[in-house]
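Please look through the structure below together with its sequence.

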Amino acid sequence: MVTLQLVGSLRKELADSLSTCRLLVVGAGGIGCELLKNVVLTGFKNIEVIDLDIIDVSNLNRQFLFQKKHVGKSKAQVAKESVLQFCPTANITAYHDSIMNPDYNVEFFRNFMLVMNALDNRAARNHVNRMCLAADIPLIESGTAGYLGQVTVIKKGLTECYECQPKPTQKTFPGCTIRNTPSEPIHCIVWAKYLFKLVELSSMVLTNQFYFYLSQLFGEEDADQEVSPDTADPELSWNPADTETRATASDQDGDIKRVSTKAWARSTGYDPVKLFNKLFKDDIQYLLTMDKLWKKRKAPLPLDWPEHQKLTCPQGVTGMGLKDQRVFGVAGYCQLFSRSVETLHSMLADKGDGAELVWDKDDPPAMDFVTAAANLRMYIFSMNMKSRFDIKSMAGNIIPAIATTNAVIAGLIVLEALKILSGDVEQCRTIFLNKQPNPRKKLLVPCALDPPSANCYVCASKPEVTVKLNVHKTLVLALQDKILKEKFGMVAPDVQIEDGKGTILISSEEGETEANNCKFLSDFAIRNGSRLQVDDFLQDYTLLVNVIHCENLEKDVEFEVVGDAPDKAPAPTRSQEEGKNVANGNKESSEPSTSSEAPAEQNDILLVDSDEEVPSSSTMAVSMESGGHKRKLHDAETGEASAKRQHLSQPSADDDNDIIALD
């Protein structure tokens, strides 16, 4: 095989830098596959890639490093093997693991000259952002959503970090996460909407000698809309050695029949118990056979209908206020699931043969169904269940990943990397890939990098925030999980009360402070004005939390962040050429190039309706309220208003914010 590389077209000094540069690529999915191919062909020789995921059959339409025979294997390992065929002399190390594993600490990150993110979730992005800041390593962030894409560079002290700007709720999620490994309530809510009838995924389910396209019970049938694990398709053989055998068995399926879910559901009379057992017991038991999924995750717990029907009334009701704002126990949601299925079946029957129901969040039976199904799945995967009110407000829009978008973004990432390795970090830009050409007929729009935000609680020299809460009602466990981990993105926080005695409230060492979890903050003399020092040693991150006691928070609001980091490290002087239109390839080019690089920022896709390079600074945003929230621009694609940065006064109608592609 002939090895083709770009070394001949690069300056010798730059080519030498590529060959000696130690590069970390985080993620080997849609963008990651294209990126790994690009970096080896560009001349990078020392590459380490990490990805926790296993190859799914749904990946094969765009993640070209993978083939049918690879399904069920580690993405990182297979990507390494495939890329070595492009450049056998490359030194590539693959890790089938989570980048949030404590083994990959700050010292690990300091081994690299450059980090490239090709991730699909915000928690991992936040973590890598903090690790690169702690190690003082340049990070190239990226994201795609359908035909939209974005790349940006993050450099400590020079640019905004990934968390400098507030992020709206994530709107899209990887398909394999929805089906197999949900980790957040929104994953279960989207799954429940798929079940009723929503968007696009694919797999098949084997039950009682039947293959079922389990994607919708009441809506229009679509074989691409899936919620269940694939138990029959040979490509989902979790033991690679069984793949060939299962493939043969699939071709010789004998009396196995292929039936749509709706047809099967009709044949059972839409029996709620049979549906319950299929969705919350049989499918979960099958997921447990995929042992690779649970080596580093908590395994799900199948539900048993008879056991939960012993309880004749909703147990464990929590929350105050209206019924929609309360959270019921498992028995309550079992009953709600049964009632909603019966109601929807009746509605379907009233419409006559061939009828379909359309999902509508304002339709009570449809909302009951999604609330019950989502909460039962949350319980199975050890998550805190949500009220009907919360679930109704947590709708997600799935945008399919597109191979060409991934390819364009991966190319831009490498071009930004060339600037960094040339010592021209100040020439780096954020680049947005638009869905349609702007009035100047440009699809790629470069923007100058923003300086660090003065209100960032991550990259400030002394990060500090103020949290308003009720110390008599806030549990230590809520402080740990909802505030420190969920809100502030910590992995393993340690909390010490600044009370003159150094009282340890929370320890990351297992078992040391678990007895504190069910106690209120006030039990530890935490009151208005108390200060908590929070350390996450894995992230090398310290945050000072000022507590304000408040007994009149808004209904259903447990806490409120009312202050950020006031003390920001001064940013280096920016180039005077920043406001000018420059070539994207390198500073020596004489003409602007719209096909050039752009650093990866957040997955928050924002379209800019101009090809001129402009600052993407928050100084150009129109403030709607205090606290750093930006002007809300209408999202023409979803019909929603989403918080976005206003780079120019006339943003594209195709704006979309914080969209995470399915890759």
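Aspartate 540 is partly exposed, because its relative accessibility is 49% (buried means under 20% relative accessible area, exposed over 50%, and partly exposed in between, with a 1.4 Å probe and protein chains only). This is a predicted model, in which local features need pLDDT of at least 70 and side-chain atom pairs count only at pLDDT 80 or more, while totals for chains, interfaces and linings use all residues. Residues are numbered from 1 along each chain as its sequence is written, and side-chain values use heavy atoms, with hydrogens and water left out.

Aspartate 540 sits in the loop between β15 and β16 (helices, H or I with at least four residues, and strands, E with at least two, are DSSP runs numbered from the N terminus). Its phi is positive, about 50°, although aspartate 540 is not a glycine. The two strands form a hairpin with 4 residues between them. Strand β15 (residues 531-536) and β16 run antiparallel and are joined by 6 bridges (two strands pair if DSSP finds at least two bridges between them). Within this pairing, leucine 532 stands opposite valine 545 of β16.

Strand β16 (residues 541-549) also pairs with β12, here in the parallel sense and over 6 bridges. Leucine 469 has histidine 549 in β16 as its bridge partner. In a regular strand the side chains alternate between the two faces of the sheet. Another positive phi is found at alanine 525, near 65°, again in a residue other than glycine. Alanine 525 belongs to the loop between β14 (503-506) and β15.

Cysteine 459 lies between β11 (444-448) and β12 (464-469). The UniProt record, an unreviewed entry, places the feature "binding site" at Cys161, Cys164, Cys456 and Cys459 (UniProt positions are given in the numbering used here, feature names are shortened, and annotations may be inferred rather than shown by experiment). Although these residues span 299 residues in sequence, no two of their C-alpha atoms are more than 8.4 Å apart, so they gather at one spot.

Which residues does cysteine 161 touch, not counting those up to four places away in sequence? They are Asn129, Leu133, Ile154, Cys456, Val458 and Cys459 (contact means heavy atoms within 4.5 Å). Cysteine 161 itself is in the loop between β6 (148-154) and α6 (175-179). Cysteine 161 counts as buried because its relative accessibility is 5%, and cysteine 459 is buried because its relative accessible area is 18%. Cysteine 21 is buried too, with a relative accessible area of 0%, and cysteine 550 counts as buried at 11%. A search of the whole structure finds 0 disulfides (a disulfide is a pair of cysteine sulfur atoms within 2.5 Å).

Asparagine 126 is in helix α5. Leaving out residues up to four places away in sequence, asparagine 126 touches Tyr162 and Glu163. Asparagine 126 counts as buried because its relative accessibility is 12%.

The interior comes next. In soluble globular proteins, nonpolar side chains tend to be buried together. The largest nonpolar core has 52 residues, and those with the most contacts inside it are Phe109, Val115, Val128, Leu484, Leu505 and Ile526 (a nonpolar core is a set of buried Ala, Val, Leu, Ile, Met, Phe, Trp, Tyr and Cys residues joined through side-chain atoms within 4.5 Å). Helix α5 (residues 122-135) supplies the largest share of this core, 7 residues. Apart from this core lies another, of 50 residues, among them Leu14, Val40, Val153 and Cys428. Setting aside neighbours within four places in sequence, valine 115 has contacts that include Leu24, Val26, Phe109, Val128 and Cys132.

Aspartate 390 is placed in helix α14 (residues 388-393). Aspartate 390 counts as partly exposed because its relative accessibility is 28%. Aspartate 390 and arginine 326 are 64 residues apart in sequence, and their C-alpha atoms are 9.6 Å apart in space.

For the protein as a whole, there are 16 helices and 20 strands. Buried residues make up 55% of the 663 residues. Of the contacts with a separation of 6 or more, 71% are between residues 24 or more positions apart. The protein exposes about 28200 Å², of which carbon and sulfur atoms supply 49% (accessible areas come from the Shrake-Rupley method with a 1.4 Å probe; for residues, only the protein chains shown count as cover).
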